[in-house]
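Visitor: I am new here. Please show me the structure, and then take my questions one at a time.

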Amino acid sequence: LLLGSDQLWNPEVGKVPDVMLLNFSMKNINKFSYSPSMCPIYKKNIYVHEIQRIAKHLKEYKYIGVRENSAKNMLTEFYGEKPINVLIDPVFLLSDKEWEELFELEDNSEKYILIYCMGKISDDLNAYINKIAESESIQNIYYIETNERKVLPKNWKVINCVGPIEFVRLIRNANYILGDSFHMVAFSIIFKKNFYVFPGIRENFIPNSDRIINLLDIADMSERFIEQDKVDYKIEDIDYDD
């Protein structure tokens, strides 16, 4: 049985269901986890009982892999029998060409900046987006709608009801990408795009950025993470040949 990935072990979204721990009374079954995420490590004490519960079930696993170092550190504290590995997200198991063939993606000559932000957008960040648009001579700024209500600039074009194929297509054909989403970052790297990512700020909490920071560390792109109120107004291309 293989479990993964995404935020299946994140207690911030509620108690982790038994099914997401592969808690089945089946004999002689090998259990594996592939790249599930958890809560940020600074909230460990808040969810300590749920983390302990997850760690308890790991005794039944043949192989354990999580998505970020913070998840490994939290689980290792309560479970130390088998090594816990940090794995890449499964979207990286396909190359850019394989994603293009799978979703039949075609080139688009239109220039645009893509915004995918599930949290709030600061005034500093909005000013930075406008600066990129002006510097790169880009007129179109597209915003992928989320379920978070927010007031958007009038010159942004909202795209509704974006499914997986359209999500990947929008990233693949964008000239510049900004947002607070892990998978936005992942596909930006896959398609070798210029991007910046920032911590999401929701109404009631700050989502876990550990998985994003861990991915940027692996790719040696830590400078692409910016605080919304500490925006560095430099505009630099990513050297994907390095």
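Visitor: Where is glutamate 104 placed?
Guide: Start with the named elements around it. Helices are DSSP runs of H or I (at least four residues), strands are E runs (at least two), and both are numbered from the N terminus. Glutamate 104 sits in the loop between α3 (96-102) and β5.

Visitor: From which number are residues counted along each chain?
Guide: This is a predicted model: local features need pLDDT of at least 70, side-chain atom pairs count only at pLDDT 80 or more, and totals for chains, interfaces and linings use all residues. Side-chain values use heavy atoms, without hydrogens and water, and along each chain, as its sequence is written, residues are numbered from 1.

Visitor: What is phi of glutamate 104 near?
Guide: Most residues other than glycine have a negative phi. Glutamate 104 is a residue other than glycine, yet its phi is positive. The value is near 55°.

Visitor: Which peptide bond is cis, and what is its omega?
Guide: Most peptide bonds are trans. Look in the loop between β1 and β2 (32-33), where serine 5 has its place. The cis bond joins glycine 4 and serine 5, with omega about -5°.

Visitor: Which residue of β4 is the bridge partner of valine 66?
Guide: Follow β3 (residues 63-66) to β4. The two run parallel and are joined by 3 bridges. In β4, the partner of valine 66 is valine 86.

Visitor: At what angle do the axes of α1 and α2 cross?
Guide: Helix α1 covers residues 48-57, and helix α2 covers residues 69-78. Their axes come within 9 Å. The two helices are therefore roughly perpendicular to each other (65 to 115 degrees). They cross at roughly 75°.

Visitor: How many nonpolar residues are in the contact of α1 with α2?
Guide: Contact means heavy atoms within 4.5 Å. From α1 come Val48, Ile51, Gln52, Ile54 and Ala55, and they meet Met74, Leu75 and Phe78 of α2. Nonpolar covers Ala, Val, Leu, Ile, Met, Phe, Trp, Tyr, Cys and Pro; Asp, Glu, Lys and Arg are charged, and the others, Gly among them, are polar. The contact has no charged residues and 1 polar residue, and its nonpolar residues number 7.

Visitor: What is the average twist in the sheet of 5 strands?
Guide: The order of this open sheet is β7-β6-β5-β8-β9, with parallel pairing. β7 (156-159) and β9 (195-197) have a single partner strand each, so these two are the edges. From one strand to the next, the twist averages 20°.

Visitor: Which residue of β6 is the bridge partner of leucine 114?
Guide: Strands β5 (residues 112-116) and β6 (residues 140-144) run parallel. There are 4 bridges joining them. In β6, leucine 114 has as its partner tyrosine 142.

Visitor: At what angle to β5 does helix α5 run?
Guide: Helix α5 takes in residues 164-173. It lies across β5, β6, β7 and β8 (176-179). Its angle to β5 is about 135°.

Note on methods: Axes fitted to C-alpha atoms, helices over the stretch in contact; angles between N-to-C directions. Parallel < 35°, antiparallel > 145°, perpendicular 65-115°, else oblique. Pairing = 2+ DSSP bridges.
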